[in-house]
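Here's a quick briefing to read with the structure open beside you.

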There are 2 protein chains.
Amino acid sequence: MSKRIYIALLHSPVYNKEYEVITTSVTNLDVHDIARAARTYGVKRYFLVHPLEIQRQLVDEIMRYWLTGWGSESNPDRQEALKILELVADLEEVQKRIEELEGQKALTVVTDARVYSRSVSYQEMRDRISRGDVPYLILFGTGWGLIKEEMEKADFILHPIEAGSDYNHLSVRSAVAIILDRLLGNGR
Amino acid sequence: MSKRIYIALLHSPVYNKEYEVITTSVTNLDVHDIARAARTYGVKRYFLVHPLEIQRQLVDEIMRYWLTGWGSESNPDRQEALKILELVADLEEVQKRIEELEGQKALTVVTDARVYSRSVSYQEMRDRISRGDVPYLILFGTGWGLIKEEMEKADFILHPIEAGSDYNHLSVRSAVAIILDRLLGNGR
């Protein structure tokens with residue numbers, strides 16, 4: 001099985017708590033935790049998407065510390081994880097990069113707390129991914145999540161993460177880990 | 001099904017990168033991410049275990065901000081998650097607290113990157129938990145993980161998280177999210 005999986009973490013446009021459309025700032029552990037989970041599950045690239053150059057520069061400095069600075073010697077595992085990280089300005093750039101790497105555009109996958117009529121199950125998405133005939137790009141939103149317009153544009157909407165409780169407020173870091181495990185893990 | 005699940009995050013004794021036994025300091029996002037995942041999956045209590053009072057005081061201040069301070073108004077979901085957090089000095093205190101709450105001691109569950117002869121599968125552990133006849137306490141280590149002696153004392157050792165790659169360096173936050181989803185989630 002050849003996995004052709006990409007993920008992207010969007011900082012804009014996303015919702016805030018009041019469902020206004022905003023741009024969030026970068027969180028250091030989103031860089032590390034998500035890169036480590038992505039590398040663990042065989043994701044080919046983790047795109048960190050931020051429209052502001054100053055924010056991308058900040059992450060670039062963090063990356064350089066771990067890729068070529070002291071961090072690369074003190075913790076080579078971290079270096080290995082951050083090798084798959086790429087900084088881009090918007091989703092169009094993500095798709096352009098995947099097309100360069102794969103020779104075709106990726107189908108996009110999102111998750112939401114709501115169920116849509118066209119929602120697909122994790123098992124169905126696993127099966128599609130394992131066919132390996134097309135690259136998939138899973139989108140995650142920071143803040144209070146991806147905006148409705150972005151959700152509607154997606155090729156696939158995954159079912160919400162069902163946890164069997166009345167509460168579902170996972171961090172994006174936890175959500176990424178769980179979704180990668182459901183779609184790509186094999187230790188059930 | 002009545003889930004009687006507890007988790008504990010140990011800061012001591014754990015390994016560092018050189019497999020020396022150390023005490024780690026508290027990480028803010030271990031408090032938040034793990035409380036949110038625990039609350040989402042119906043965990044009854046999340047014990048943050050640290051031997052140093054000064055470190056527990058630090059977390060106590062964070063908790064008070066979200067439980068009764070400004071954070072409780074600005075983000076009630078966070079308040080809800082942190083309600084299940086308890087600060088204790090060591091594992092004995094964790095077991096004592098569970099005995100007070102449940103009238104019986106919890107069986108302990110750990111995970112490791114290695115497979116042991118007595119390792120159990122996630123499915124087997126799910127079945128045991130769903131019986132509800134005894135409380136279970138899942139232990140997680142910070143740093144480079146729980147020490148060997150603690151692993152050997154555990155009642156159950158789960159199989160490693162198999163991700164199908166040559167790399168497995170998840171953050172403890174990601175590992176907690178994945179393991180709770182495997183043991184308690186129902187959205188496969």
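Predicted model: local features only at pLDDT ≥ 70, side-chain atom pairs only at ≥ 80, totals over all residues.

Helices (H or I, at least four residues) and strands (E, at least two) are DSSP runs, numbered from the N terminus. Residues are numbered from 1 along each chain as its sequence is written, and chains are lettered from A and ligands numbered from 1 in the order in which they are written.

**Around N168(B)**
- N168(B) counts as partly exposed because it has 17 C-beta neighbours inside 10 Å; the cut-offs are 20 or more other C-beta atoms within 10 Å for buried, 12 or fewer for exposed, and partly exposed in between, with C-beta atoms placed from the backbone.
- Skipping neighbours within four places in sequence, N168(B) is in contact with T40(A), A113(B), I161(B) and A163(B), where contact takes C-beta atoms, placed from the backbone, within 7 Å.
- A113(B) sits 55 residues from N168(B) along the chain, yet their C-alpha atoms are separated by 8.1 Å.

**The sheet of chain B**
- Seven strands make an open sheet with parallel pairing, in the order β5-β4-β1-β8-β6-β9-β7 (chain B); strands pair if DSSP finds at least two bridges between them.
- At the edges are β5 (85-88) and β7 (119-120) of chain B, each with a single partner strand, so one side of each has no neighbour in the sheet.
- Five bridges link β1 (residues 5-10) and β4 (residues 45-49) of chain B in the parallel sense, and I7(B) stands opposite Y46(B) in β4(B).
- Helix α1(B) packs on this sheet, touching β1, β4 and β5 of chain B, and its direction makes about 160° with that of β4(B).

**Strand β6 in chain A**
- Strand β6 (residues 107-111) of chain A is largely enclosed by the rest of the structure, because four of its five residues are buried.
- β6(A) runs parallel to β8 (residues 136-141) of chain A, with three bridges joining them; here L107(A) stands opposite Y136(A).
- Three bridges also pair β6(A) with β9 (residues 156-158) of chain A in the parallel sense, and T111(A) has L158(A) as its bridge partner there.

**Helices α1 and α8 of chain B**
- α1 (residues 28-40) and α8 (residues 172-184) of chain B pack at about 5°, with axes 10 Å apart; axes are lines fitted to C-alpha atoms, for helices over the stretch in contact, and angles run from 0 to 180 degrees between N-to-C directions.
- That angle makes α1(B) roughly parallel to α8(B), a label for angles under 35 degrees.
- The residues of this contact divide into eight nonpolar, no polar and three charged.

**How the two chains meet**
- 36 residues of chain B are in contact with 36 residues of chain A.
- The elements giving two or more residues to chain B's side are α1, α4 (76-82), α6 (122-131) and α8 of chain B.
- The copies meet through the same surface, because 100% of the interface residues of chain B are also interface residues in chain A.

Terms used:
Parallel < 35°, antiparallel > 145°, perpendicular 65-115°, else oblique. Nonpolar A, V, L, I, M, F, W, Y, C, P; charged D, E, K, R; others polar. Contact = placed C-beta atoms within 7 Å.
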